[in-house]
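Welcome, and thanks for opening the viewer. Let us walk through this structure together, one selection at a time.

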Amino acid sequence: MQTSKSREPLLRRPAVQTLLASLLCVLLGLLVGYIALIIINPKGATSAITDVLKNFWTYSKVDKQLKHFGSTLITTAPLLMCALSVLFAYKVGLFNIGAAGQYVAGAGACLYCALALKLPWFVCLLAAVAAGAILGSISGFLKAYRNVNEVISCIMLNWISLYLVNTLLSGVKNPTGKDTFTIASQNTGAMLPTLGLDSLLNNKNVTIAIPLSILVCVFIWVLLSKTRLGYELRATGLNKNAAKYCGMRDRYNIILTMAIAGGLAGFGAAMLYLSDFEQWAVTQASVPAMGFNGIAAAFLGGLNPIGAIFSSYFIQHITRGGAALTSTGVYSSQTSDLITSVIIYMCGFVLFMKQTLNRWLDSRAQKGGKS
Amino acid sequence: MLLLIQYTLIFTSVLMLVALGGCFSEHSGVINIGLEGIMVFGALGGALVMRYLPAGTPAFVMVVVSIIAAMCVGILYSLLLAVAAINFKADQTLVGTAMNLLGTAAATVIVKAINTAADSSNPSSEIMYIEAKKSFIISEGTEFSWFMILALILLIASYIILYKTKFGLRLMACGEHPQAADSVGINVYRMRYAGVMISGLLGGLGGLVYITAGVSAWKFENGVAGFGFLALAVMIFGSWKPQRIALAALLFGLFRSLSNVYTGFDLLKNLNLPSTVYNMLPYIISLVVLAFLSKNSAAPKAEGIPYDKGSR
């Protein structure tokens with residue numbers, strides 16, 4: 001009796017409920033992925049799904065493990081920023097599906113500054129933030145003053161920015177290939193500083209991107225929950241009319257929110273491309289998935305900046321684990337995209353899960369009271 | 001010029017069908033951002049039928065069966081949205097986004113699995129249907145297809161269903177004021193299911209039309225390149241009315257086809273604009289158009305709000 005009494009309030013806590021719901025989403029996503037693997041080929045399915053989950057642990061040597069752990073971290077930083085971008089806008093009642101396009105704009109700006117203008121890394125970083133913020137504020141402006149649904153305008157801007165960046169960066173690409181030059185070969189000053197992290201993880205692309213993005217994450221958390229601006233923004237999100245009635249500038253807040261959200265996504269792009277981990281392929285015909293996965297990470301993390309750190313890591317963990325599936329020759333690497341998208345879909349049911357849990361707790365409490 | 005007309009008509013058909021789908025869903029009160037994913041799945045259903053029906057199949061059977069397949073798969077896939085949005089009151093934008101991601105990812109996994117099972121050295125996500133596609137063409141050598149006529153019929157049907165039948169008027173009532181509709185005995189849940197499933201039917205068909213537009217093979221990794229969203233813009237531009245949607249689709253279709261055929265016009269070629277400009281045009285135009293038209297939005301009042309019988 002004593003234990004059940006102390007357990008009940010724990011289950012009632014919103015944070016615990018969110019965590020449980022997210023874990024359930026993950027489990028269901030993995031289950032669907034596993035079933036898909038079994039349908040494709042039942043023989044290797046179990047080992048394939050464990051490979052996805054193990055990611056770098058599949059390597060036996062420690063230095064290799066570290067290197068691939070580092071790679072996972074490198075891709076986690078930009079995803080975390082995109083997740084922050086989505087959740088920041090969502091707190092203000094905006095669905096920033098444009099994180100993908102703002103990410104593209106950031107990538108274009110920082111790579112152009114690094115490769116064509118040969119600027120140092122912090123200038124490139126600022127350019128990326130500015131580019132993302134400008135794109136975001138266009139959507140914000142259209143929403144605030146022209147009543148354009150931000151989802152639609154963001155999607156249009158995603159495509160526009162993709163084509164623009166492809167054109168912009170075709171001037172700094174390798175003449176023989178479709179990728180842009182590596183930063184290391186053109187302008188080492190544009191590389192993010194490593195501060196010794198590269199040798200620690202045995203991976204030359206590990207930079208301050210990871211600690212930097214966690215700092216930004218904490219900053220956003222403080223901004224949202226501890227400052228007046230954050231309070232105003234959240235109030236606007238909860239009830240636009242009430243916030244306006246209280247004298248908050250709703251239009252200004254919408255534009256500011258989208259600008260910050262866009263800046264975050266642009267920052268994320270700089271984290272990846274200034275680490276020189278990946279080059280931009282100027283022929284790409286679709287917007288990189290990073291921004292869309294940001295939606296997954298934001299919701300899986302319970303729309304909490306700190307939760308987003310863990311969910312971002314998890315998503316990149318299974319994505320990089322899934323990439324190894326291509327070598328099996330039976331399964332495709334998109335299996336992890338499948339798992340991620342099922343997880344986002346399941347996140348839609350979080351509200352229902354919480355309601356069911358609370359109803360169950362209520363009925364149990366009632367029974368307990370009677371006996 | 002003929003080429004431009006052909007492409008314009010094809011893209012118009014696609015955009016119109018999908019936008020009409022969105023129109024039905026939104027009139028019932030459910031925002032359908034997931035049209036893109038529905039298109040991918042409809043296209044997949046149609047493409048698989050085209051590939052697996054034996055080569056000697058009569059053209060008529062080929063056309064009918066693949067259209068039915070695309071529609072059915074589209075309806076099935078749209079149920080994902082219906083269940084989540086109507087029964088579980090999920091965030092419709094979130095679920096729609098998930099469906100778009102799921103559409104491309106799942107279709108790629110499925111096609112790759114089929115391709116590798118057939119030939120282990122071929123891990124591509126492409127389905128070819130060169131012979132089958134010819135059944136859809138009205139006159140050999142052009143791109144005029146039966147889809148255009150079908151799209152026109154469905155446009156007229158949509159208009160009649162929405163405005164001239166009991167069902168359509170009830171459907172629209174559920175999107176404007178579900179509580180009022182419920183109070184006079186209309187089953188809001190069932191109406192919303194109908195709206196979403198019709199959007200699945202039209203979206204799936206639109207996907208099939210899109211992947212047969214000028215090409216005879218489709219790489220499912222690429223999804224449908226934002227056409228579902230373009231269709232949503234068409235729907236808003238058409239202020240949720242079938243007849244205006246048709247005109248909006250024509251305009252967007254024209255600009256979209258310019259990027260395919262602009263090199264055929266001396267005037268446009270002499271402008272020497274990079275091809276990306278033409279790729280961007282439909283999106284830029286829809287943004288500008290939306291900026292001017294959204295002020296007095298004609299959107300159904302209750303769209304996006306889950307219906308709860310108990311709420312007041």
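What percentage of the 312 residues in chain B do buried residues make up? Select chain B and see: the share is 55%, where a residue is buried if 20 or more other C-beta atoms, placed from the backbone, lie within 10 Å of its own, exposed if 12 or fewer, and partly exposed in between.

Before moving on, a word on what you are viewing. This is a predicted model, in which local features need pLDDT of at least 70 and side-chain atom pairs count only at pLDDT 80 or more, while totals for chains, interfaces and linings use all residues. Residues are numbered from 1 along each chain as its sequence is written, and chains are lettered from A and ligands numbered from 1 in the order in which they are written.

**Stay on chain B.** Colour by secondary structure to find 13 helices and 2 strands; these are DSSP runs, numbered from the N terminus (helices are H or I, at least four residues; strands are E, at least two). The radius of gyration of chain B is 20 Å, which agrees with the value near 20 Å for a compact globule of 312 residues. That radius is taken over C-alpha atoms, and the globule rule is 2.2 Å times the number of residues to the power 0.38.

**Now select chain A.** Here you will see 17 helices and 0 strands. Its C-alpha trace spans about 80 × 60 × 40 Å along the principal axes, and buried residues make up 53% of its 371 residues.

**Next, show where the chains meet.** Chain A brings 39 residues to the contact and chain B brings 43; two residues are in contact if their C-beta atoms, placed from the backbone, lie within 7 Å. On the side of chain A that touches chain B, H7(A) gives the largest share, 10 residues. Other helices that each supply at least two residues to this side include helix H2 (14-40) and helix H17 (350-370) of chain A.

**Pick out residues 334-347 of chain A.** In H16(A), 14 of 14 residues are buried.

**Last stop: H6(A) with helix H13 (residues 250-273) of chain A.** The two pack at an angle of about 150°, with their axes 6 Å apart. Axes are lines fitted to C-alpha atoms, for helices over the stretch in contact, and angles run from 0 to 180 degrees between N-to-C directions.
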